[in-house]
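Have a look at the structure first, then read on.

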Amino acid sequence: MMTFIKKYFGWRDWAVLVYNSIFENVFILFYVLLREQTMGTEQLIQTLVFLLFSMFSTTYGYLINDYADMELDRLHGKANTFSEDSKGRALVVTMLFLFLSVICGWYFSDHQAFLLLWFIWIFIGSFYSLPPLRFKERGKPGLLLVVLAQRLLPILLVFTAFGFERTGEIILLAAYVFFRGLSSDVNHQVEDYENDVKTETGTFAVSTGLGLAQKVLRFSLEMEKILLAVILAMFLYVFSWFDLLPLMLLVAAVLLYYVLWFYSIFLSFKSPGLDVNPFKGRGDVFQLLHHSYPSVILSLVFSLIVSYFNLAFLIIFLLMALIRRLFSVELIKSTFLYRTLSKVVHHE
């Protein structure tokens, strides 16, 4: 059983937890709870069920892609979860996780908008790779559908599942998630450009050219940073009612972002040819702004703030801390923030 869980549910070193649109942007879920001031036991159960739903749904999305790409990945020499499985076994395993997703998702089925978005998500998520539609090879429309299915729809499902209806705030948060997802998916296509050209895979990068794809990537990266800056300013405004302790925590998190953001702008102007791609794994300020700040720092801060109002939510904070390896001294020492602070301290 553990082998099965690790191989399929723990897809590619537990990407279901790290590269999961809900987990990446879980601060939005906490924002909804705090904004509506609904942080009771019922909301805790809803949150836990929704997180399970996101895990099973994300796993299904990854597995259906691997199922559809078994032969193509073999030609590319790329890793595939089902490389040692038959087509039949691969399909059964994939459908199992869709079934688990349906069980958890049914908990929110009393919301009509949730059901509609859920159906659209399953359709696009399935035919992202599956023939005859295979959206991933449809150029520009395919890219937009991929971002919609993998990034935007999951966040819209959060709003509908928890009954959040503040239109302006939904648009702002959704725009941020869209550009963050666009950055990730365009970067993935840029990295796979050579292989996709060889196999005549009609991705956005292949159909428009590598140069344009790189420009779109740069624009998207800047937009997500600007939008997050606006969102953080909004947080300070709408949560001015916080008690002193959670307000101080929020202010500290917001100030940290602005300091890091302005520092990244300074570096970009100082060195015009500087590579600002946060996906290169260099552990620099650009990676911190794109990934670690929203997915780890901001999410943990919001989790703590929710726990301040209801201690039962600490269970989610601890789960997130374990997932993000917050208790790993080695990992913390490797972060940009720790290395920068160490240099400042040693310099003094």
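D275 and K280 join their side chains in a salt bridge, 2.7 Å from N to O. For the term itself, a side-chain nitrogen of Lys or Arg has to sit within 4 Å of a carboxyl oxygen of Asp or Glu. Bear in mind that this is a predicted model, where local features need pLDDT of at least 70 and side-chain atom pairs count only at pLDDT 80 or more, while totals for chains, interfaces and linings use all residues. Residues are numbered from 1 along each chain as its sequence is written, and side-chain values use heavy atoms, with hydrogens and water left out.

D275 is partly exposed at 35% relative accessible area, and K280 is partly exposed too, at 44%. (Buried means under 20% relative accessible area, exposed over 50%, and partly exposed in between, with a 1.4 Å probe and protein chains only.) Elsewhere, E24, R151 and D185 belong to one network, joined by salt bridges that share partners.

How many salt bridges does the rule give? The count is eight. Here are three of them, with the N to O distances:

| Pair | N to O distance |
|---|---|
| D275 and K280 | 2.7 Å |
| R166 and E36 | 2.8 Å |
| K225 and E222 | 3.3 Å |

The K225 and E222 pair stays within helix α13: the two are three residues apart, which puts about one helical turn between them. K225 is buried at 8% relative accessibility, whereas E222 is partly exposed at 26%.

K225 also turns up in the lining of the second largest cavity, alongside L221, E224, V276, P278, F286, L289 and H290. The elements giving two or more residues to that lining are α13 (210–238) and α15 (285–309). (A cavity is a set of points on a 1 Å grid over the protein atoms alone where a 1.4 Å probe fits but cannot get out, and lining residues have an atom within 4 Å of a point.) This second largest cavity has a volume of about 50 Å³, and its lining has five nonpolar, one polar and two charged residues.

Two cavities reach 30 Å³ or more. The largest holds about 70 Å³ of space, and its lining is made up of F23, V26, L51, S295, I316, M320, I323 and R324. Six of those residues are nonpolar, one is polar and one is charged. Which helix gives the most to this lining? That's α16 (residues 314–323), with three residues.

Helix α16 also gives the most to a nonpolar surface patch, again with three residues. The patch consists of L48, I315, L319 and L322, with about 340 Å² of accessible area together. (Patch residues have over 30% relative accessible area and no salt bridge, and nonpolar side chains are joined within 5 Å.) I315 lies in helix α16 and is partly exposed, with 42% relative accessible area.

Conventions:
On a 1 Å grid over the protein atoms alone, a cavity is a set of points where a 1.4 Å probe fits but cannot get out, and a pocket is an open set with protein on both sides within 12 Å along at least five of seven lines; lining residues have an atom within 4 Å of a point. Grid points are joined across faces, edges and corners, and a volume is the space filled by probe spheres set on the points. Helices (H or I, at least four residues) and strands (E, at least two) are DSSP runs, numbered from the N terminus. Ala, Val, Leu, Ile, Met, Phe, Trp, Tyr, Cys and Pro count as nonpolar, Asp, Glu, Lys and Arg as charged, and the others, Gly among them, as polar. Patches are made of residues with over 30% relative accessible area and no salt bridge: like charges are joined within 9 Å, nonpolar side chains (Val, Leu, Ile, Met, Phe, Trp, Tyr) within 5 Å. Accessible areas come from the Shrake-Rupley method with a 1.4 Å probe; for residues, only the protein chains shown count as cover.
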